[in-house]
Amino acid sequence: MLNPCQEIYESVEKKSTDYYDQQSERIIRAFQRINPQEFVFSPDTEGIPGLQFDELKMAILFEPDYIKRFYEIAKYFGYDERGMIRDSIKHLGMLENPNENEEIIHSLLRLPVIDDISFDSKDTFSIFSEKLGDYHFIVATEALKDNQELMEYLEKVPFANRCYSHTSILAGIFEDNYSEVSLCKNIFGSNFHHAYSITPDRKTVIDLTFNGIFTMEDFKRLEEPYPFYSEQQERLSYDIWYATENSGLDPDTELLLQAALYRKYLDEVGYQGPMCEAPKVMQKVTETM
């Protein structure tokens, strides 16, 4: 039987991953039926439809004749068109030099919902969409390039799929920021766990998985977050300590995620006291399993 905290996590993530793979495979098959050219996926994505779908989206950017039809198929199978905004932000955020952007912008402008993209020659991209609204983001590595600790960290750690690690390093650098963990919506409408950093006034979000800094308004439109954990560094340190001691999660689980899941578990069982007394609650529940 799963540990209660692990069960909370997997009840969301497994369902989300399975559905993402299912819909991705349907889109790929439907697209292959109307595309006379066989697309060869890389060995790294073999047997993983979700990764193959992401790979195909990238390839489609350079196949203008098929873009419209591809996204019509994707939308038929429940694809949220905001995914095109998200992908555009990721592509722009990962540019080695944001000022050298002509080729990628030209490609992104082929996407059905993108009307225009601009860069202020300093650190801010704007994406304009009559259908979905306008989005603006600051390239984090440009705005924060004078922070040596962060730059050294990002030289070693990939941007993608490291939201807990990214948020933890930001918590250590900007101790007044809030480390927040939420349920967000993926492009097929399923929930997934996601972490990011929020400034003390709660008006700005730093999400290094995009290498982006967003207004809270834009971030909410982009990710639809439902927060269940949000703490500043001092409290976060205590929560991590108690979670690692008492949650029963695998020690290799990201520390921020452990703290968030333990808090969520305590909330679900109706515990109202200090987290430092929570081990008694976990012990009672474990004894009944």
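Colleague: How much space lies in the second largest pocket?

Modeller: Keep in mind that this is a predicted model. Rolling a probe the size of a water molecule over the atoms shows where empty space is left. Here, the second largest pocket holds about 170 Å³ of space.

Colleague: Which elements each supply at least two residues of its lining?

Modeller: Those are α6 (140-143) and α7 (148-156). Helix α7 gives the largest share, three residues. Look for Met 151, Leu 154 and Phe 159 on the lining, including also Gly 93 and Asn 211. By class, you'd find five nonpolar, three polar and three charged residues there.

Colleague: And what about the largest pocket, how much space lies in that one?

Modeller: About 1,400 Å³. Its lining takes in 39 residues, and Tyr 20, Asp 54, Lys 90, Asn 161 and Phe 192 lie nearest the centre. Two or more lining residues come from each of α1 (4-34), α2 (49-60), α4 (82-93), α8 (163-173) and β5 (191-198). The classes split into 18 nonpolar, 10 polar and 11 charged.

Colleague: Now the packing. Which residues touch the most other members of the largest nonpolar core?

Modeller: A nonpolar core is a set of buried residues joined through side-chain atoms within 4.5 Å. In the largest one, with 47 residues, look to Phe 53, Leu 92 and Phe 125. Helix α3 (residues 64-76) brings the largest share of this core, six residues. There's also a second, separate core of 24 residues, with Cys 163, Ala 195, Leu 257 and Leu 266 among them.

Colleague: What is Phe 125 in contact with, leaving aside neighbours within four places in sequence?

Modeller: Its contacts include Leu 92, Leu 95, Ile 105, Tyr 135 and Phe 137.

Technical notes: Residues numbered from 1 in each chain as written. Predicted model: local features only at pLDDT ≥ 70, side-chain atom pairs only at ≥ 80, totals over all residues. Heavy atoms only, no water. Buried < 20%, exposed > 50% of the residue type's maximum accessible area, 1.4 Å probe, protein only. Helix = DSSP H or I, 4+ residues; strand = E, 2+ residues; numbered from the N terminus. Contact = heavy atoms within 4.5 Å. 1 Å grid on protein atoms, 1.4 Å probe; cavity = no way out; pocket = protein on both sides within 12 Å on 5 of 7 lines; lining within 4 Å. Points joined across faces, edges and corners; volume = space filled by probe spheres on them. Nonpolar A, V, L, I, M, F, W, Y, C, P; charged D, E, K, R; others polar.
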